[in-house]
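Please review the structure shown below. The briefing that follows is grouped by topic.

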Amino acid sequence: MIQTMKPIHSRVSSALCLLFAAGAVSCGGGSEPVTSTGAGLTVLSGDHQTAFRNGTTGQDLVVEVNSDSAHPVAGATVHWFVTVGDGAPSASAQATDAHGQSRVQYHMGANYGLNVIGATVEGGADTAYFEETAIGSIASIAGGNNVEQRYSSDLTVHGDYAYTGSWNWFPRTAGVDTLGASIAVFHLDGTGAPTRGDSVVIRGTITLSDLQVSDDGQWLVASTEGGNQEGLYVYRLTDPAHPAFVARYLVAAGLHTSTLAVLDGKLYAFTAKNPGAPALMVFDLSQLASDTIVLAATVPVPANYGLHDTFVRGGIAFLFAWNTGVELYDVGNGVKGGSPTNPKAISTIATSGGQAHNGWWFWGPADSKQYLFVGQEGPGSVGSTSSGDIHVLDVSDLLHPAEVAFFHREGAGPHNFWMDEGRQILYAAYYNAGVVAIDVSGTLSGDLGAREIGHVLPGGAQGTYTWGVQLVGTSLYDIDMLDGFRQLNALAP
Amino acid sequence: MRLSSLAATVLLLGPASAAAQMTMEIDADSPSGRPWALLSATAITAYTWMSRVPRGASLDEFHLVQPIVMLQAGALRDRLRFEGAIDFEGATMPNGELGPGLWGEGFIDRRHPHTYFHELILSGAVPLPGGLHVSLAAGKGFAPYGTDDPMNRPAELFPVNHHWSQILERAVLIAGVQWRPLVLEAGLFNGDEPENPSQWPNLSRFGDSRSIRLLIHPIEGVELQGSHAVVKSPEHRPGAGSDNYKWSASVRVERPLLGGRGYLLGEWAHNSEFDGFFTFRSWLIESAWSGGRQRPYYRYENTDRPEESRTQNPFRGVRPHLENSIIGSSRWSVHTAGYGVELGSTRRLGIEPFVEVSYARVRKLGGGIYDPQLIYGGDSFWRLTTAVRLNWRMQGHRMGRYGVTAGQGVADTQMTHLMK
């Protein structure tokens, strides 16, 4: 955001200039003094650039100094300084040229993110600001084009294996039946590179909508929708290369997502039941050893498209309930005395634009739990276009959450998130915009557009529609509906 | 199904029981001033074959389509009118009707059955000084938008643009004003479209949608139409779906021609959603001529269609919607030609065997994963229908015309026997 105070250009003074163009009054700049109250700075070019960290912006940062009568002033001293970021301008003070311009190069520092550079003219009152972003490189390392017969859906990575799901609401390959959602198994070698292995077909279902391995690595849990066998499926990972079916719980209308959480020593799945009677369905998975899934609770959600996803952490379940917004439930935190078997509503906030789809509660440095990131899934054409923003809620007060910031990317909308909490980087799957990395350090307010610090189109410009990401060590794994499963490099420290 | 029993009862007993107490006169001026009522019925027994359906194979089927019983009535010199139409398609074709490019209300590549109560409208119209006529209509029926119900038009096959060019089966409140050749109608209604034949409009949403239509009749038999509608979340009953911004323009001509009666309709429609994120448009022209026993007709349309995720049944989309995304768009070009011959008709009963042939092509529009080759195994379609249309005491009622527009023009499908 440019924050510059521009001088008031008086029509009277302009007229005087014309009248006395050949006279004693100088109107062309160069010799007119800069007063302490009237001098103005105008940003000519160089604002809103990105450059790799430790690199230099492509364009110079240029300001023009104008006199009280709006004419360029030569020889004025412009001071350049940095208010945010660790970069440096090529000069800290510079005299304007014959056109009243001062220009510097800007060298990014070692840190990613926003740099704010100020320029002020000696003797003047105005300050012009530039916002530049230090970015990093996210690139493909291995994989891709490895789930050719079907469109891909979710991913989960654990240990030396990764699992991806299939989205079969429309055929991708002639002769391949859309009935029978499948799990593709990938082995990850010592470098993290994936190799395609076994496949597991979930008969009687159309799409595998969500996939997650329990933290202990024992169970692979999948939610499915479509067909006549839709619901929750659990596989044993005693042999992680070959998931073995354990149990299922059929849910008419299907489950759109599932999120695993351990609460009070028990493993639960928080699932989003599809409309017409949308609901949060909580399943007790603590008896999987005896091949049993137990329904622990059902919490109806307004049929405003209903529930799309959940995020469970610290005993709080965040329900991303489309136009209803985000519903917060106590499922063991204690703030409202709730539990997994008896969730208690805490609060609800309607995010701007509605279409609340997914989220991540960011636990940052110094135990900060201030921000909840919410993905808005706007309209799209699967495989090519998408829309929607990321909305940032301040949930410091769980009873009164408030929206404080947003991230908008033109021509695309977000899907699922993963957060590098130590380094305060949000990785967002962004459908046709691939994978986007956003600096979420510090205070978040207003438009976060200048905080994009990394971007990649895993499948190229025409072959990318990214569903989800997961960070594992220095590798960032993505699942793309078109491109399949791929290992990327995360932003380097 | 209880309603199918009701249908049989009305079809068999209704005409006999009702005939004694009704007059056959339908005259806008109703000079006698006596109340009147008319019970009528229509239906088509149709055998349809399509060369290509989802998953590639050909398919044929036999249905009773467009089975409708109508009750129309008037009183107070026709200032008070009732238009009722019961549509039994929910019982006779619950899985819809095959047709290239047809879609809507959860059906894909099939036309959905309409709701049992297609039209239940009470309207009042009064003349005012200065040649003005004003009216108010309320009930369940058509919003004042777009062109005629395809059931009132020449072809048996519905056009692809049905959901761009008509808004029907809503709870409506319509005000109309007529001054000489100008008619202006404005309506409030519920945005939600039906999800099944038994479903009533969601009255809690009444008034969330609106439309306005201007009709101009510059000379007899010519009607120019322009209309605009804002329809809230038609495809998601609780109201979370996209709002539709619709525009329609048309010219309709119904004139004597070559010793018979000529009919011509040209229309354009445009539909925009999410501030133009999705746009769909349609062009259509259709014509018919009725003379003696003959009724040849032809239609061409070029219409865009949103493509949806399909369920295990390839003719069905996912309902209720989970989100606002589609998988792409398609453009359908459909030629339909037909020829009917009226047999043994009287003014009370019309029997018209006809044959109808359609040829359609589809192509993908823009991005998205939709690919007609994958779903159909090709991009061209033939459709053949051989059918018999039965009209019993039909008087050419154009559905969707209420109050000041009631009685204007004649439904083309009933033209031949009305000329007897």
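Predicted model: local features only at pLDDT ≥ 70, side-chain atom pairs only at ≥ 80, totals over all residues.

Residues are numbered from 1 along each chain as its sequence is written, chains are lettered from A and ligands numbered from 1 in the order in which they are written, and side-chain values use heavy atoms, leaving out hydrogens and water.

**Interface of chain B and chain A**

- Chain B contributes 29 residues to the contact and chain A contributes 36 residues, where contact means heavy atoms within 4.5 Å.
- About 2600 Å² is buried between the two chains, 63% of it from carbon and sulfur atoms; buried area is the accessible area (1.4 Å probe) that two parts lose on being put together, summed over both.
- On the side of chain B, the residues that lose the most area to chain A are B:Leu322, B:Ile369 and B:Leu374, together 27% of what that side buries.
- By class, the side of chain B that touches chain A comprises 14 nonpolar, twelve polar and three charged residues. Ala, Val, Leu, Ile, Met, Phe, Trp, Tyr, Cys and Pro count as nonpolar, Asp, Glu, Lys and Arg as charged, and the others, Gly among them, as polar.

**Salt bridges**

- Over all chains, the structure holds 42 salt bridges.
- One of them joins A:Arg409 to A:Glu452, with the closest N and O atoms 3.0 Å apart.
- This pair links distant parts of the chain, 43 residues apart: A:Arg409 is in the loop between strands S31 (402-407) and S32 (417-420) of chain A, and A:Glu452 is in strand S36 (residues 452-456). Strands (E, at least two residues) are DSSP runs, numbered from the N terminus.

**Backbone geometry**

- Most residues other than glycine have a negative phi, and most peptide bonds are trans.
- The peptide bond from A:Pro275 to A:Gly276 is cis, with omega near 10°, and A:Gly276 lies in the loop between strands S21 (266-273) and S22 (279-284) of chain A.
- In chain B, the bond from B:Arg319 to B:Pro320 is cis, with omega near -10°; B:Pro320 occupies the loop between strands S15 (294-307) and S16 (328-341).
- A:Ala366, although not a glycine, has a positive phi of about 55°.

How values were computed
Salt bridge = Lys/Arg side-chain N within 4 Å of Asp/Glu carboxyl O. Helix = DSSP H or I, 4+ residues; strand = E, 2+ residues; numbered from the N terminus.
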